[in-house]
Amino acid sequence: MKNCVLIGSGNVAWSLAPALQDAGYNVSQVWSRNPYHAAELAAEVGADAIIDLAEIRHDADIYIITVTDDGIASLASRLTARDGLWVHTSGSVNADALSPITDTYGVLYPLQTFTKGRVTELSDVPVYIEAADPATLERIREVASAISSRVRCADSRQRRRIHAAAVFACNFTNHLWAIADRLLRQTGDGLSVLYPLITETTRKAMEMPPLDAQTGPARRGDKRIVSAHIHALDADDARVYAAISESIMKTYTADERD
C-alpha cells in the first residue's frame, strides 16, 4: 500500500482523500494551517492531522498539494528537498512551481467543482496530468488512473485554457443562477421555479453544440426586449445583462455573416 500525504484540507482534499483511500492508497497525514480543519479531514480517512510543515514525513510515496493557487509557490519555497512524487491540483499554476522541492513533480488536476464537506465521486471526472519528465508522468498517470477513468495529458498553457473554460461553464453560470435567485425572491419566488429550465438547458448543452442551442432575445437580436430588461434591473445587474447580451449578439451576427 502506497503512503500519501495531503497538504491542504480544503475543497479538493475532501473528495480526493476518500477517492485515494478507496483506490488503495494510505492517506497517512493531512496538513493544514488550521488545526481544526486538519483534524476534521484526517478523521474522515484515519490519517494523522499535522499543522507544522516540519512534521511532514519524508518517506511517503506521494505528496499532494491542494492549497489555493496563490499559496502553492509560497508553500513549495518553505519545504525542504524531499524524495517521493509531488503534485499539485491546480488548473492554472505551472507544474514547475514545485521544482524547489524535488525533480519528480507534476500536476494532477481534476476538472470538477468541489465543496468542503461534500464528497464528489471522481471515477468519471476528467483528470489532467503533467510532469517534469516522462518517467514522472507515468507515475502520476498511475495515481490518476486509480481514481478516474478519464485521464488526459495537458501542459500548463493548455491547462489554463481548460481551467478558464471551466470557470465560464461552472463559476460564472453559478453566479448567474445566484443573480436569478435574488431577482426571483424579489417577486416572491425562488430559483426552484427555474429548475425545469435549468435542467433542460443543461441537457441540451450535453446533447448538442451550445452554439446551436442558444435562444432568447439577444440571440434573436431583439434589442427592444434587451433594453427593457436592462432598464428593469439595478445598475450592477444591468451591466452584467448588457455585457452578456452584447457578446451573444456579436457571436450570432458574426456567425450568420459567415
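This is a predicted model: local features need pLDDT of at least 70, side-chain atom pairs count only at pLDDT 80 or more; totals for chains, interfaces and linings use all residues.
Which strands does helix α4 (residues 134-147) lie across? Residues are numbered from 1 along each chain as its sequence is written, and side-chain values use heavy atoms, with hydrogens and water left out.

**View 1. Helix α4 on the sheet.** Helix α4 lies across β4, β5, β6, β7 (127-131) and β8. The helix runs at about 165 degrees to β7; axes are lines fitted to C-alpha atoms, for helices over the stretch in contact, and angles run from 0 to 180 degrees between N-to-C directions. Helices (H or I, at least four residues) and strands (E, at least two) are DSSP runs, numbered from the N terminus.

View 2. Eight strands, with mixed pairing, form an open sheet in the order β3-β2-β1-β4-β5-β6-β7-β8; two strands pair if DSSP finds at least two bridges between them. Strands β3 (48-50) and β8 (151-153) each have a single partner strand and stand at the edges, so one side of each is left without a neighbour in the sheet. From one strand to the next, the twist averages 25 degrees. Strand β5 (residues 85-88) and strand β6 (residues 105-110) run parallel and are joined by three bridges. His88 stands opposite Val107 in β6.

View 3. Nine of the 12 residues of α1 are buried (under 20% relative accessible area, with exposed over 50% and partly exposed in between; 1.4 Å probe, protein chains only), so the helix is largely enclosed by the rest of the structure. Among the buried residues are Trp14, Ser15, Pro18 and Leu20. The elements covering the buried residues of α1 include β1, β2, α2, β4, β6 and α4. Just after α1, Gly24 takes a positive phi of about 100 degrees.

**View 4. The largest nonpolar core.** This core contains 31 residues; a nonpolar core is a set of buried Ala, Val, Leu, Ile, Met, Phe, Trp, Tyr and Cys residues joined through side-chain atoms within 4.5 Å. Leu6, Leu16, Leu20, Ile64 and Leu108 touch the most other members. With seven residues, α1 gives the most to this core. Residues up to four places away in sequence aside, Leu20 touches Cys4, Tyr25, Val27, Ile64, Val143 and Ile147, contact meaning heavy atoms within 4.5 Å. Another core, of 24 residues, lies apart and has Ile50, Ala97, Tyr109 and Tyr128 among its members.

**View 5. The aromatic pair Tyr63 and Trp86.** The structure holds three aromatic pairs; rings of Phe, Tyr and Trp (its six-membered ring) pair if their centres lie within 6.5 Å, and planes under 30 degrees apart count as stacked, over 60 as edge-to-face and the rest as tilted. Tyr63 and Trp86 form a stacked pair, at 4.2 Å centre to centre with 10 degrees between the planes. Tyr63 in strand β4 and Trp86 in strand β5 are 23 residues apart, and their pair links distant parts of the chain. Both residues, Tyr63 and Trp86, are buried.

**View 6. Ser32 in its loop.** Ser32 lies in the loop between β2 and α2 and is buried, with a relative accessible area of 7%. Its side chain makes a polar contact with the side chain of Ser9 (3.2 Å); a polar contact is a pair of N or O atoms within 3.5 Å, where within protein one must be able to donate a hydrogen and the other to accept it, and residues adjacent in sequence count only if both atoms are side-chain atoms. Neighbours within four places in sequence aside, Ser32 is in contact with Ser9, His37, Ala38, Ile50 and Ile51.
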